Amino acid sequence: MYCFRKIKEDLFWIGVNDHRLDRFENIHPLPNGVSYNAYLLLDEKTVLFDAVDWAAGPQFIENLTAALGGRTLDYIVIHHAEPDHAATVGEILLRYPEAIVISSQKGLDFLRQFAFIGEGKTESVKEGDVRAFGKHSFTFFQAPMVHWPEVIVSFEAESGILFSADAFGTFGALDGRVFQDEVNFEKDFMDEARRYYSNIVGKYGVQVQNLLKKTEGLGITSICPLHGPVWRDSIGYYLEKYQKWSTYEPEEKGVLIIYGSMYGNTESAACHLASLLSESGMHNLAVYDVSDIHISYLISEIYKYSHIVLASVTYNLGIYPPMLNLLEDMKALNVQNRTVALIENGTWAIKSGTLMNEILSGMKNMRVLEKKMTVTSSMDEQSVTDLKEIASQILDSLAESEK
Ligand code: FEO
C-alpha cells in the first residue's frame with residue numbers, strides 16, 4: 001500500500017523506510033534502519049527528485065504512482081547517482097519512458113555506468129543553472145565529494161527549500177515521521193547523524209565547508225536530505241553541528257578511552273584511568289573495547305570528544321590489529337584536531353605506543369601528550385603512579401583548552 005506525506009504546497013515525500021538492510025554500504029550497522037528519501041513536485045510539470053535503493057523498489061513505485069494521481073512523470077532529477085538513491089531509476093523509466101533525467105554531466109555518466117539509464121532523454125545541469133517546472137524554479141549547485149564527485153544540490157527560492165543530497169542526512173528510519181520536529185532528534189537521531197556524517201562524509205570536510213559557504217546567503221528555510229528527517233525549523237542547530245564536524249572541531253570537552261586488550265590487563269589500565277579522571281571531576285567520559293564495537297561507532301565518538309586515549313597491547317611486534325584498523329580509518333577519514341594520550345602494553349619488545357604515535361603524526365593537528373604509559377604485562381604500583389601522571393596531563397590539557 002502506498003504511503004507518502006505532504007512537505008509543502010505541491011511537494012511530497014515519497015521515500016521508503018528500510019528496516020531490513022543490516023549494513024549501510026555493506027559496512028555500517030543499521031540498528032534503527034534507514035530512510036531513502038525521494039520527493040515529488042506536482043507543478044505544471046511533475047518532477048521526481050531522486051529515487052531509492054533497489055530493495056525498496058516496490059514500495060517506492062506504489063508511492064510514486066499514488067502521489068502522481070494519474071498524471072505522468074515529466075522529469076527525474078538525480079542529485080546523487082549512488083545506488084541507494086538511483087538504482088530504481090531504470091524501473092521508473094520503464095513506466096514513464098518520456099521522463100527526462102536531469103543530473104550533472106558526471107551524474108549522467110555514473111547513471112549510465114551503473115546501467116540505471118540507457119538511451120532516453122537527459123539534460124545535464126551545472127553550477128547556477130535554473131530549471132522552471134511551473135510556479136517552482138530550481139537553481140542547481142555543484143557539491144563535489146559530498147559525498148561523491150557528481151553530486152549536485154538544488155534550491156527552490158520561493159519556499160526556501162534546499163534539496164541537499166547526502167548532506168544533512170542520518171541513519172535511522174523515519175517510521176511515519178517526516179519532519180525533524182516530529183522526532184526527538186537530539187535523543188533519537190543525533191548519535192546516528194554523527195555516525196552517518198563522520199563515516200560517510202567525514203573525509204570531505206573541505207568540500208562540506210565549500211557547500212556551506214555556497215548556500216549561506218540563500219535564505220534556506222527547509223532542508224530535504226536523502227536520508228532522515230526533513231528540516232523545516234531549527235536549521236541553525238544542525239548547521240552548527242555541520243560547521244563543527246566539517247572543520248574537525250570537537251563537539252565536547254571530554255575524554256574518550258579506547259582500548260585493545262587480549263587478557264584484560266590493558267583494559268584494566270584503561271578503566272583505572274577512567275576512574276582517576278572521574279575522581280578528579282571529569283565525568284564526560286566514554287570507554288570502549290576496540291574489539292567489541294563496530295568501528296563506525298568509534299569514529300563517531302572520535303568526532304565528538306576533544307581528548308582521546310588509545311591503549312593497545314603489542315601484537316606480533318605491532319599494534320593490536322583492531323586498534324591498527326581504527327587508526328588507519330581515522331587517517332582515511334581525515335580526523336584532525338584532537339589531543340591524544342597513549343598507553344602501550346606488552347610482555348617483550350613493547351612497540352605499540354611508538355607505532356601508534358607514528359600513525360598519529362601523519363594526521364593533521366593531532367597533539368600527542370608527552371607522557372606515554374607503558375604496562376609490562378600487567379598493572380603494578382608503578383603503573384598506578386604512571387596513570388596518575390597521564391590523568392594529570394589530560395586534565396591540564398582540558399583546563400588549558402577552556403582558556
Ligand atoms: Fe546516500 Fe552517498 O548515498
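Predicted model: local features only at pLDDT ≥ 70, side-chain atom pairs only at ≥ 80, totals over all residues.
Q: What volume does the largest pocket have?
A: Rolling a probe the size of a water molecule over the atoms shows where empty space is left. On a 1 Å grid over the protein atoms alone, a pocket is an open set of points with protein on both sides within 12 Å along at least five of seven lines, and lining residues have an atom within 4 Å of a point. Here, the largest pocket has about 310 Å³.

Q: Which residues lie nearest the centre of the largest pocket?
A: They are M262, V313, T314, G346 and T347, out of 17 lining residues. Strand β19 gives the most to this lining, three residues.

Q: How many cavities of 30 Å³ or more are there?
A: A cavity is a set of grid points where a 1.4 Å probe fits but cannot get out. The structure holds one of 30 Å³ or more, and the largest cavity has about 50 Å³ of space.

Q: Which residues line the largest cavity?
A: Look for L162, F168, L211, L212, T215, I220, I223 and L239. Helix α6, residues 205–215, gives the most to this lining, with three residues.

Definitions and conventions: Residues numbered from 1 in each chain as written. Heavy atoms only, no water. Points joined across faces, edges and corners; volume = space filled by probe spheres on them. Helix = DSSP H or I, 4+ residues; strand = E, 2+ residues; numbered from the N terminus.
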